[in-house]
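Okay, thanks everyone, let's get going.

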Amino acid sequence: PKSWIGMFKTGEPHAGMAKANNHELSFKYLENKPGGNFTFTAPTEEGNYDFRMFEKSNGKEVATLKFTVITK
């Protein structure tokens, strides 16, 4: 498996890469980049979401960033 970052609806379990796979709304592979930017399309539904980063060597979630979508 490859390291990746995914966007999830808040409430999905934090259970590691294997359990998270196929529950993400969208994802990007990190491709061994030491840093940089990734572009995601914002969800159209209001609510709370997470970006979660998974590390390939152990399959663990190594970072989470929470955000809220509000439409006007």
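This is a predicted model: local features need pLDDT of at least 70, side-chain atom pairs count only at pLDDT 80 or more; totals for chains, interfaces and linings use all residues.

Residues are numbered from 1 along each chain as its sequence is written, and side-chain values use heavy atoms, with hydrogens and water left out.

Let's go to aspartate 50. You'll find aspartate 50 in strand E3, residues 47–54; strands here are DSSP runs of at least two residues labelled E, helices are runs of at least four labelled H or I, and both are numbered from the N terminus. Is aspartate 50 buried or exposed? Aspartate 50 counts as buried because its relative accessibility is 0%. For the cut-offs, buried is under 20% relative accessible area, exposed is over 50%, and partly exposed is in between, with a 1.4 Å probe and protein chains only.

So what does that side chain do in there? The aspartate 50 side chain makes a polar contact with the side chain of threonine 10, at 2.9 Å. There's also a polar contact from the aspartate 50 side chain to the side chain of arginine 52, at 2.9 Å. By polar contact I mean a pair of N or O atoms within 3.5 Å; within protein, one must be able to donate a hydrogen and the other to accept it, and residues adjacent in sequence count only if both atoms are side-chain atoms. If you leave out neighbours within four places in sequence, aspartate 50 is in contact (heavy atoms within 4.5 Å) with several residues, including Gly6, Met7, His14 and Phe67.

Now, salt bridges. How many does a search of the whole structure find? Three, where a salt bridge is a side-chain nitrogen of Lys or Arg within 4 Å of a carboxyl oxygen of Asp or Glu. Arginine 52 and aspartate 50 meet in one of them, 2.9 Å from N to O. Arginine 52 counts as buried because its relative accessible area is 0%. Lysine 66 also forms a salt bridge with aspartate 50, and there the closest N and O atoms are 3.5 Å apart. Lysine 66 sits in strand E4, residues 61–69, and aspartate 50 in strand E3, so this pair ties together parts that are 16 residues apart in sequence. Lysine 66 itself counts as exposed, because its relative accessibility is 58%. Put together, salt bridges that share partners join Asp50, Arg52 and Lys66 into one network.

Then there's lysine 9, which forms a salt bridge with glutamate 45, the closest N and O atoms being 3.7 Å apart. That pair links distant parts of the chain: lysine 9 is in strand E1, residues 4–9, glutamate 45 is in the loop between strand E2 (26–29) and E3, and the two are 36 residues apart. Lysine 9 has 30% relative accessibility, so lysine 9 counts as partly exposed.

Staying with strand E1, phenylalanine 8 is there too. Phenylalanine 8 counts as buried, because its relative accessibility is 0%. Not counting residues up to four places away in sequence, phenylalanine 8 touches a set of residues, among them Ala20, Leu25, Tyr49 and Asp50.

Back on strand E3, have a look at glycine 47. Glycine 47 and valine 69 are 22 residues apart in sequence and 5.3 Å apart in space, C-alpha to C-alpha.

A quick backbone point. Asparagine 22 isn't a glycine, yet has a positive phi of about 75°. Most residues other than glycine have a negative phi. Asparagine 22 is in the loop between helix H1 (17–20) and E2.

Last stop, serine 3, in the segment before E1. A polar atom of the serine 3 side chain lies 2.9 Å from the backbone nitrogen of lysine 56. Lys2, Ser3, Tyr29, Leu30, Glu31, Asn32, Glu55 and Lys56 line the largest pocket. For the record, on a 1 Å grid over the protein atoms alone, a pocket is an open set of points where a 1.4 Å probe fits, with protein on both sides within 12 Å along at least five of seven lines, and lining residues have an atom within 4 Å of a point.
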